[in-house]
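User: Could you take a close look at one helix of this protein and what surrounds it? I would enjoy a connected walk through the details.

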Amino acid sequence: MELRAIRTDEDLDWALAEIEQYFDAPPAPGTEEADRFDILTDLIEAYENREYPIETLDPIETLKVFMDIKKKKQSDLAELVGGKPRASEIMNRKRPLTLRMIQKINSSWRIPAASLIKPYHLEANGEGA
């Protein structure tokens with residue numbers, strides 16, 4: 001079972017070519033080939049996350065993207081968050097989403113709740129940003 005670290009894009013190309021054969025014929029679970037496939041996909045994911053990170057959208061950007069894709073209007077959001085003025089305040093970042101709003105959006109639109117929670121980062125002094 002040939003494996004090697006993925007440190008460059010050339011290594012990434014090699015790893016992708018190695019797992020490509022498994023797309024049409026997945027290896028049987030518990031086999032050496034299945035283990036090799038799992039290890040290679042983990043290595044590929046780690047390299048891509050390190051070298052090509054994708055920034056997480058903030059909650060409002062998440063809502064905007066979802067609404068654009070699903071052809072939802074702000075009035076659709078208003079039904080979930082308690083009215084047009086509140087939806088406007090949320091979309092204009094004047095009012096944060098509450099836990100209840102997040103739960104309603106999650107259950108109605110199936111947007112993962114974690115995508116609607118604003119991440120808080122701690123600064124060096126230990127206080128939230």
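Analyst: Happy to. Helices (H or I, at least four residues) are DSSP runs, numbered from the N terminus.

This is a predicted model, where local features need pLDDT of at least 70 and side-chain atom pairs count only at pLDDT 80 or more, while totals for chains, interfaces and linings use all residues. Residues are numbered from 1 along each chain as its sequence is written, and side-chain values use heavy atoms, with hydrogens and water left out. The average pLDDT (the predictor's confidence in each residue, from 0 to 100) is 89 for the protein, and 91% of the residues score at least 70. Residues 121-129 fall below 50, and this stretch has eight contacts in the model beyond near neighbours in sequence; contact means heavy atoms within 4.5 Å.

Now to helix H5, which spans residues 84-91. Ala-87, Ile-90 and Met-91 are its buried residues to look at. They sit on the same side of H5, because they cover an arc of only 90° around the axis; that arc is taken from the directions from the helix axis to the C-beta atoms. The partners of the buried residues of H5 are H3, H4 and H6, against which they pack.

After H5 comes Arg-93, with a positive phi near 60°, although Arg-93 is not a glycine. Its place is the loop between H5 and helix H6 (99-109), and Arg-93 is partly exposed at a relative accessible area of 44%.

Thr-62 belongs to H3 and is buried, at 12% relative accessibility. Leaving aside neighbours within four places in sequence, Thr-62 touches Leu-57, Ile-111, Ser-115 and Leu-116.

Key:
Helices (H or I, at least four residues) and strands (E, at least two) are DSSP runs, numbered from the N terminus. Buried means under 20% relative accessible area, exposed over 50%, partly exposed in between (1.4 Å probe, protein chains only).
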